[in-house]
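Here are my notes on the model you passed along.

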Amino acid sequence: MKKIICILLVLIVISTSLFGCNVPVDNADTDGSIAMDQSKASNDLTENTDVYNEAPGEKSISVRSREELSEIRDLLYSKDEEKLENILMQGYTIEDISTFLDVIDSIPYVMMIDGDITWASYHESSKPNKIFYVTTEAENGDWVRITYLLQLSYAEDPVAYVTETASKENSLISQPMESSDKRVTLLSEIRDKHPTYEGDYIEWWAIIDGIAASITYYSSDIDNIQTDTLLKSLTISTIDENKIVSSEKTE
């Protein structure tokens, strides 16, 4: 029973407050706009929030460790009727689990910081919005969150939307910058004090392998992060489960 409860908790929306490093500066809020103020979005993702307390038609599946991801994979092929019945009672379907795994296995993950993936979450609403988040944390506490805007109800083309949005910002870069392999394009850059933590952040609107995205890089020493140098070192791969933090580190 304890194991079943653990599995169910994995499938409940995980609060960003669980991770001191995991507060995004940008995101798609439930009103259909992308804003710098993330208080509403963060509050919507609260620990122990039951699926029935979410807005109608909205679901999120998150993992915080490779063990949790393994549990979700096992669920997809599980013949344990009790486990499957508990999942269905929570409002999830086998299709929900399959979609989450398809996204996490195919998303073009950009290694912008050396560290462990500490949070990966797929959010889908009936509007429809489809958004995937992945956060990587370094040992010194710096972190990077990438928000992939896979589908937006208020924008037929998410790439065109972020391109237009970036052009209206008071950007520190005068024109888009590309990575060496041209798979990552940074459209704009903003640097500011983080509203919650003692440090600074960089926010980029970006296109990653043709996917609209927002990238937030938090650091206690942001001045040492040079965008052109960072771009030269970027690599894209699928998410290696070995890069996801082990539950032993989170205990």
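1. Serine 65 is buried, with a relative accessible area of 4% (buried is under 20%, exposed over 50%, partly exposed in between, using a 1.4 Å probe and protein chains only). Serine 65 sits in the loop between S3 and H3. Setting aside neighbours within four places in sequence, serine 65 is in contact with Ile244, Val245, Ser246 and Ser247 (contact means heavy atoms within 4.5 Å).

2. Before going on, some ground rules. This is a predicted model, so treat it as such: local features need pLDDT of at least 70, side-chain atom pairs count only at pLDDT 80 or more, and totals for chains, interfaces and linings use all residues. Residues are numbered from 1 along each chain as its sequence is written, and side-chain values use heavy atoms, with hydrogens and water left out.

3. Threonine 250 is found in helix H8 (residues 247-250). Leaving aside neighbours within four places in sequence, threonine 250 is in contact with Arg64 and Val245. Threonine 250 and threonine 118 are 132 residues apart in sequence, yet 9.0 Å apart in space, C-alpha to C-alpha.

4. Overall, the secondary structure comes to eight helices and 12 strands (DSSP runs numbered from the N terminus: helices are H or I with at least four residues, strands are E with at least two). Of the 251 residues, 52% are buried. Among contacts between residues at least 6 apart in sequence, 61% join residues at least 24 apart.

5. Now the sheet. Eight strands form an open sheet in the order S3-S5-S6-S7-S11-S10-S9-S8, with antiparallel pairing (two strands pair if DSSP finds at least two bridges between them). Its edge strands are S3 (59-63) and S8 (177-178), each pairing on one side only. S3 is still mostly covered, with four of its five residues buried.

6. Two pairings to look at. S3 and S5 (residues 116-124) run antiparallel over five bridges, and valine 63 stands opposite alanine 120 in S5. S6 (residues 130-137) and S7 (residues 143-151) are antiparallel over eight bridges, with valine 134 opposite isoleucine 146 in S7.

7. Which strands does H6 lie across? Helix H6 (residues 158-167) lies across S7, S9 (184-193), S10 (200-208) and S11 (211-219), running at about 140° to S10 (axes are lines fitted to C-alpha atoms, for helices over the stretch in contact, and angles run from 0 to 180 degrees between N-to-C directions).

8. On packing: the largest nonpolar core has 45 residues, of which Phe100, Ile104, Phe132, Ile146, Ile215, Tyr217 and Ile239 touch the most other members (such a core is a set of buried Ala, Val, Leu, Ile, Met, Phe, Trp, Tyr and Cys residues joined through side-chain atoms within 4.5 Å). Helix H5 (residues 94-106) gives the largest share of this core, five residues. Apart from it lies another core of 12 residues, among them Tyr133, Val162, Leu187 and Ala212.

9. In H3 (residues 66-76) the buried residues are Glu68, Leu69, Glu71, Ile72 and Leu75. Seen down the axis, these fall within an arc of 155°, so they line one face of H3 (the arc is that of the directions from the helix axis to the C-beta atoms). In H4 (residues 81-89), Lys83, Asn86 and Ile87 are buried. They cover an arc of only 100°, which puts them on the same side of H4. H4 is followed by glycine 91, whose phi is positive, near 95°.
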